[in-house]
Amino acid sequence: MDYSPIWISVKTASLTIVIVFFIGLAAAKLVAGLKNEKIKMVLDGIFTLPLVLPPTVAGFFLLYLFGIRRPIGAFFVEYFGVKIAFSWGATVLAAVVISFPLMYRSARGALEQVDENLIFAARTLGFSEWRIFWKVMFPAALPGIAGGGILAFARGLGEFGATAMIAGNIAGKTRTLPLAVYSAVAAGDMDTAYKYVMIILLVSFLVVVLMNYFTAKERTYGKRGKKA
Amino acid sequence: MSLQVDIKKRWKGFSLQVRFETGEGLLGILGASGCGKSMTLKSIAGIVTPDEGRILLNGRTLFDSEKKINLKPRDRKVGYLFQDYALFPNMTVRQNISCAVRGKDKERMAEEQIQNFQLEGLEDQYPHQLSGGQKQRTALARMMANEPEALLLDEPFSALDYYLKEQLQVQMLDFLKDCKKDMILVTHNRDEVYRLCGDLLIMDGGEKIRMGPTKEIFRYPGCVAAARLTGCKNFSRARKLDDTHVEALDWGIVLTAGKQVPDAVSSVGIRAHYFIACQDDSRENTFPAELVETVESPFEMNVVIRKKGMPGHDRREQIWWKMAKEKWAGMEGKVPEFLRVSPEDVLLLTDRP
């Protein structure tokens, strides 16, 4: 059995979640803080689109933008000498785009539910806006943010459609676990497919358990006996 | 020491227009919910921005629409005690207090406030582990650690259980009595302002309708809204007869007033505790009474009466008479023949301030 899909998937999902966590959180903070309802709706629509589009369509758009003869793709080739399409980077790109809305929406919901008075209190006490975000809003919204992060990680790990479009299915390079399952079945190698499926099943189950731990349980401070 | 406020703000079918200046001690702002009292407080703290006007604290301009000055909340040095206390749930009592210290010596200052507000032993607890009273003390300590120049208290007792309220009001009075800062307490509870505040401002519909020493306003509320907010239960439309007499139209009684009757008088009010039972009508302000119904409270009896001979198809002719239960028991459940009210207890009221 070829172990490379496991390694590629873990690498991809790990880098993806680091990127998605921060840009998702930043987008959530941006949209949650907007006063203009119209701008808010439009931005929210754009940020959520990858979630509702079929992944192959999202992949199609990525290919359209990042293909080597396409505007962004050509720019990267010309100035950095990097081909994005059909490289390992493209698996990360696909996973980031597809899992971003999950992080963004969870974080936004959690940030918007932070008690307004906590923020007002912090302001009257002389906190800077930056300190309010990291010391007051972030800890208060942490369960929702962490839940969003785990969901996004799981979605990145399972990404298939967009990855196939922009990164292809190159063994040892862009073949992630879901693509490996597909390839094994297509080749009639059911034994290998079973093994990959078991690995995915195990990881997915773990993710669900973790998520329940972070979100379902009202994580109140003090019960853990340590500070946040 | 003074806080001068003169602001206007309009939004969604409501307008706030209020102007006042604080003196020494605690000023109470009394008003029904939605009258703009919390909005006034939030404007002073800088949480909301008024449309126009000025706010000055000890000569320092916090807000001035003409000079385009609008200090950020953090630069105003105004402490705000929220109704739900707004303690940071992820911080311990000690962290909640020390994070508010502006200077360097955070630990020492926090320690000082922990002692002032009797929070020893609770330093490492999180807010959800505290009782209502402990939360309030922590919030007060946090506010004081920030060394504000003025204190704004927004309904500080309304989140507390009934039995705790009175005890904590006494405690609050204790903490604040030595405090030489401008303080404003906003509430809809007349007992709180009467106990705690030397001066009182009454708001209704986004406007100031009365301001003055608390006891004087309770004694002479002046207009219907102020009388209602200070707890008067009985109102009747009224007509001036002469300088000392007024006719209570809804009750069908002519009353002698203890003061000169103003020309603009439109109503009279009589507080429900101020009726006196008597056997004959030899004295002024006495009228024959008959029982309509009784409404029982835990320690009080509300006896609803009207003047004998009134038609009885209008609720406005009913008069509420409150008394201790024992007193009602002493009367064996019967309304005395006549009721009397002292001339100085007849509140002469106008429609608008």
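**Chat about the model**

Me: Let's start with chain A. How many helices and strands are there in it?
Reply: Chain A has 10 helices and zero strands. Bear in mind that this is a predicted model.

Me: OK, and what pattern does chain A follow along the sequence?
Reply: Going along the sequence, you get α-α-α-α-α-α-α-α-α-α.

Me: What size of box do the C-alpha atoms of chain A fill?
Reply: Roughly 65 × 45 × 30 Å, with the box taken along the principal axes.

Me: How many of the residues count as buried there?
Reply: Chain A has 228 residues, and 40% of them count as buried.

Me: And what share of its contacts comes from residues 24 or more positions apart?
Reply: That would be 73%, counting the contacts in chain A with a separation of 6 or more.

Me: Switching to the interface. How many residues of chain A are in contact with chain B?
Reply: On the chain A side there are 18, and they touch 21 residues of chain B.

Me: Which elements of chain A give two or more residues to that side?
Reply: Those are helix H6 (116–124) and helix H7 (129–157) of chain A. H6(A) gives the most, with six residues.

Me: How many bridges join S17 to S20 in chain B?
Reply: Three, between strand S17 (residues 286–296) and strand S20 (residues 338–340) of chain B, and the two run antiparallel. To pick out one residue, Phe287(B) has Leu339(B) in S20(B) as its bridge partner.

Me: Last one, Glu112(B). Where is it found?
Reply: Look in helix H3 of chain B, residues 106–116.

Me: Why does Glu112(B) count as partly exposed?
Reply: Because Glu112(B) has 16 C-beta neighbours inside 10 Å, and partly exposed lies between the cut-offs of 12 or fewer for exposed and 20 or more for buried.

Me: And how far apart are Glu112(B) and Ala145(B)?
Reply: In sequence, Glu112(B) and Ala145(B) are 33 residues apart, while C-alpha to C-alpha they are 8.6 Å apart in space.

Technical notes
Residues numbered from 1 in each chain as written. Chains lettered and ligands numbered in written order. Predicted model: local features only at pLDDT ≥ 70, side-chain atom pairs only at ≥ 80, totals over all residues. Helix = DSSP H or I, 4+ residues; strand = E, 2+ residues; numbered from the N terminus. Contact = placed C-beta atoms within 7 Å. Pairing = 2+ DSSP bridges.
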